[in-house]
2 protein chains.
Amino acid sequence: MSRQTGSKAGKPEPLATPMEDTGGIDFEIIELFFFAYRDFVSDPDAILEKSGFGRAHHRVVHFVNRNPGMTVADLLDTLKITKQSLARVLKQLIESGYIRQVAGPEDRRQRKLYPTKSGRELALALAEPQSRRIERAFEGASPQVREGVKAFLSGMRDRKKAD
Amino acid sequence: MSRQTGSKAGKPEPLATPMEDTGGIDFEIIELFFFAYRDFVSDPDAILEKSGFGRAHHRVVHFVNRNPGMTVADLLDTLKITKQSLARVLKQLIESGYIRQVAGPEDRRQRKLYPTKSGRELALALAEPQSRRIERAFEGASPQVREGVKAFLSGMRDRKKAD
DNA sequence: AAATTATGCCAACAATACTGGCATATCTTG
DNA sequence: CAAGATATGCCAGTATTGTTGGCATAATTT
């Protein structure tokens, strides 16, 4: 059905010219960033597939490993997702023995999050191919460029109030 | 319920030390990349919310604008998603008048995709805040660093066979 | 004529996000 | 101390975007 796509009649072939870096818009880097991130997350995705976990689990495991003792609220702030979205994956990670909760020593309402040994191993296994990819992307780069890339990525973040 | 989290007994507080750049793993850039991308896509997300579109629509509109006349197969290859995932959003974009299909002049099975005027406007509106963010992140960067960043992002991509 | 290709579409499912609400334990304050 | 605020957990429901597998049609290739 509806197979009469072109050929009709007076429809002007719309905008056949590529949109290039018009009006100071840097399409090139926008695309590079998309492709880079797409492939950057594909490595851990492939590993996680086997464990039945997903990207969300990856992020949680990563940040808990980096900041042991962080609270649920800290994590929500870092990931910028809602309580419910986090709750699901966090629960699974706790039940699977990758993360442990400990009541906060001062404020006992808080759940401080710590990696277990296998949580640490998982985080490491996931980070490893990403790190190799980064190293490969940096091949032949000067120290200035390496620092420049870090500064660039850092500068891409939102600049917020109370951080 | 189950509120007895810490305090129990012999459970050793597991792994309270932060995982730092262990064994040559570059956690810093991994994180920077995550934060950068998180905020990078947040600008278009906010705009798309109003139109009832999502990230998937953004990507389609972007690439069709960049490569007018690309086919559905090209797009699938670029986005690395399945036919069905693409079909849904593409259909919506065509029905909403942002993208047009034209049967291929040589191979009439192909649907060549073109932006309409409003498709081009949408792509531009979405790219604009991203481009401003990029420019801000580049503030004060030397030409060498700018090139280095591009090379870095490019190097993060998979290196494939038949491209 | 038969096989292959490019595409469209259907049904079903999974992961991850969202909202809004309610419950509990705990801390803070009047 | 009672009341309110806070940190967290959990439930129900929904949306987006991804997946698989299959079937249909038109057009091209063999």
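Biologist: Which helix gives the most to the surface near DNA strand C?
Modeller: Helix 5 of chain B, with 4 residues. "Near" means that a residue's C-beta atom, placed from the backbone, lies within 6 Å of the strand. Helices (H or I, at least four residues) and protein strands (E, at least two) are DSSP runs, numbered from the N terminus.

Biologist: How are the labels set, and what kind of model is this?
Modeller: Residues are numbered from 1 along each chain as its sequence is written, while chains are lettered from A and ligands numbered from 1 in the order in which they are written. This is a predicted model, in which local features need pLDDT of at least 70 and side-chain atom pairs count only at pLDDT 80 or more, while totals for chains, interfaces and linings use all residues.

Biologist: Back to DNA strand C. How many residues surround it?
Modeller: 25, and the closest are Gly54(A), Ala56(A), Thr82(A), Thr71(B) and Ala73(B). They divide into 6 nonpolar, 10 polar and 9 charged. Here Ala, Val, Leu, Ile, Met, Phe, Trp, Tyr, Cys and Pro count as nonpolar, Asp, Glu, Lys and Arg as charged, and the others, Gly among them, as polar.

Biologist: And which residues are closest to DNA strand D?
Modeller: Thr71(A), Ala73(A), Gly54(B), Ala56(B) and Thr82(B), out of 25 that surround DNA strand D. Helix 5 of chain A gives the most to that surface, with 4 residues.

Biologist: How long is helix 5 of chain A?
Modeller: It has 13 residues and reaches 18 Å from first C-alpha to last, close to the 18 Å expected at 1.5 Å a residue. The expected span is 1.5 Å times one less than the number of residues.

Biologist: Which of its residues are buried?
Modeller: In helix 5 of chain A, Val89(A), Leu90(A) and Leu93(A). A residue is buried if 20 or more other C-beta atoms lie within 10 Å of its own, exposed if 12 or fewer, and partly exposed in between. Down the helix axis, the buried residues of helix 5 of chain A fall within an arc of 105 degrees, so they line one face. That arc is taken from the directions from the axis to the C-beta atoms.

Biologist: What sits on the face turned away from that buried side?
Modeller: The exposed residues Lys83(A), Gln84(A), Arg88(A), Lys91(A) and Glu95(A).

Biologist: What do the buried ones pack against?
Modeller: Helix 3 (55-66) and strand 2 (99-103) of chain A. Val60(A) touches Leu75(A), Val89(A), Leu90(A) and Leu93(A), not counting residues up to four places away in sequence. Contact means C-beta atoms within 7 Å.

Biologist: New topic: helix 3 of chain B. How many of its residues are buried?
Modeller: 9 of its 12, so helix 3 of chain B is largely enclosed by the rest of the structure. Among them are His57(B), Val60(B) and Phe63(B).

Biologist: How many residues of chain B are in contact with chain A?
Modeller: 65, in contact with 65 residues of chain A. Helix 6 of chain B gives the most to that side, with 12 residues. By class, the side of chain B that touches chain A has 32 nonpolar, 16 polar and 17 charged residues.

Biologist: Last one. How many helices and strands has chain A?
Modeller: 7 helices and 3 strands, in the order α-α-α-β-α-α-β-β-α-α along the sequence. Of the 163 residues in chain A, 33% are buried.

Conventions
Two residues are in contact if their C-beta atoms, placed from the backbone, lie within 7 Å.
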